[in-house]
Amino acid sequence: MTRDRGEDVDRAGGQGGVSGQTIGQGGVFGQTAVVWPPWASAPGPNVSRETSEPGAAAATAEEPSAGVGETPLADQVAIDAQRRSRLSGKTFPRPAQTRIITVANQKGGVGKTSTAVNLAAALATNGLRVLLIDIDPQGNASTALGAQHHSEIPSVYEVLLGGRPMIETVQACQDVGDLWCVPATIELAGAEIELVNRPQREFRLHQGLTELRQSLQHAGQPGLDYVIIDCPPSLGLLTLNAFVAAREVLIPIQCEYYALEGLSQLLNTVERIRAALNPELRLSAILLTMYDGRTNLARDVVQEIRTHFSDEALAVTIPRSVKISEAPGFGQSVITYDRNSTGALAYLEAALELAERGGRN
Ligand SMILES: Nc1ncnc2c1ncn2[C@@H]1O[C@H](COP(=O)(O)OP(=O)(O)OP(=O)(O)O)[C@@H](O)[C@H]1O
Ligand SMILES: [Mg+2]
């Protein structure tokens, strides 16, 4: 797949990442300079080339006001400008301890991977040290971060089933400094079955991650600020491993008709894991994704979620955005693919909100 998209390319290159290099081998845990706001160094006018519908962008904590209602393009420019001004000058707080967040929803296609990847990139481009663990055999998060994940590559599969130290599987993201990825390969597809008879089968990711963090400490490296785990669309052993390894659960919910179906089962599962396997686990955030403000349905879903989950639901809502869906095709997050786009700004705002709220332990 070509990564060249001409003048649209706007990478945060040169920030210290080396594609395909492991932390252990390459020592790629270097500190990077942070430029904020991220669009400060972007070429050209500060206007989004987003092609999603303007109305779709308008669902944030503070509804945009200035300029909205004139023309669709003017609306879009006004909304993006308001997002930028909310982000401008903000420092993303560094958590006191590593926040380990599992992004889970057994429903397929609700935006788990997009959320995991883009939040990870948003946090990392704001000076935080972030590891994304891909525990979905589809390997979509690995693709989106440009990580190699063909079958010979050391991956989360070897951590779960081969006893391989996680540090040997970590790859640096080439577009974002301070962002690393443990990739998933297709081997992981058999892991659910292979894990069944293994001892400590629910604790294997937890053990691997704990050892990784200890290795960093022993090597005198700074710790990770965030570990984000991208789950498959199921509640099988892989997702269970992610729940046991994490302290927080973030549930992305797509703003559509079936959005709430299966949610109670997911919440019950989290409660059961908390009671039996991981007392630290909490539902810390719900993020509404693929919001289309033109439809009553999307507004109803937002209303419903905010009524039932007033503490957990993030105020920021992610709009439907062509840039968000295009970015993985270039092995990038939307933050690096087009950081001026509405989709990137929405994920930056969501990441800031998540960081400012802190963990809920
Ligand atoms: N905000 C958005 N706007 C437009 N398209 C989006 C948005 N978020 C996600 N998508 C697209 O929707 C599809 C599903 O998204 P994603 O892969 O993030 O969901 P998922 O929950 O991880 O899926 P799976 O359950 O298969 O792992 C992808 O094609 C993605 O590019
Ligand atoms: Mg996914």
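Let us start with strand S2, residues 130–134, which is mostly covered, as five of its five residues are buried. Please bear in mind throughout that this is a predicted model. The cover on S2 extends to both faces: Val130, Leu132 and Asp134 are buried on one side, and Leu131 and Ile133 are buried on the other.

Which strands are joined to S2 by bridges? One of them is strand S4, residues 179–182, which runs parallel to S2 and is joined to it by four bridges. Within that pairing, Val130 has Leu179 of S4 as its bridge partner. Strand S5 is also parallel to S2, and here there are five bridges. In this case Asp134 is partnered by Asp230 of S5.

S5, residues 226–230, is in turn joined to strand S1, residues 99–103, by five bridges, and these two strands run parallel as well. Arg99 has Tyr226 in S5 as its bridge partner.

Seven strands form an open sheet with mixed pairing, and their order is S3-S4-S2-S5-S1-S6-S7. At the edges are S3, residues 171–172, and S7, residues 282–289, each of which pairs on one side only.

I turn next to the helices. Consider H3 and H13, the latter spanning residues 342–357: they pack with their axes 9 Å apart, at an angle of about 75°. The two helices are therefore roughly perpendicular to each other. H3 contributes Asn118, Leu119, Ala122 and Leu123 to this contact, while H13 contributes Tyr347, Leu348, Ala350, Ala351, Leu354 and Ala355. By class, the contact comprises nine nonpolar residues, one polar residue and no charged residues.

H3 also brings us to the ligand. How many residues surround ligand 1? There are 19, and the closest are Lys112, Thr113, Ser114, Pro233 and Ser325. At least two residues of this shell come from each of helix H3, residues 112–124, and helix H11, residues 322–326. H3 supplies the largest share, three residues. The shell consists of 11 polar, five nonpolar and three charged residues.

Finally, two figures for the protein as a whole. Of its 361 residues, 52% are buried. Among contacts between residues at least 6 apart in sequence, 78% join residues at least 24 apart.

Methods: Residues numbered from 1 in each chain as written. Chains lettered and ligands numbered in written order. Predicted model: local features only at pLDDT ≥ 70, side-chain atom pairs only at ≥ 80, totals over all residues. Buried ≥ 20, exposed ≤ 12 C-beta atoms within 10 Å, placed from the backbone. Contact = placed C-beta atoms within 7 Å. Near = placed C-beta within 6 Å. Nonpolar A, V, L, I, M, F, W, Y, C, P; charged D, E, K, R; others polar. Pairing = 2+ DSSP bridges. Axes fitted to C-alpha atoms, helices over the stretch in contact; angles between N-to-C directions. Parallel < 35°, antiparallel > 145°, perpendicular 65-115°, else oblique.
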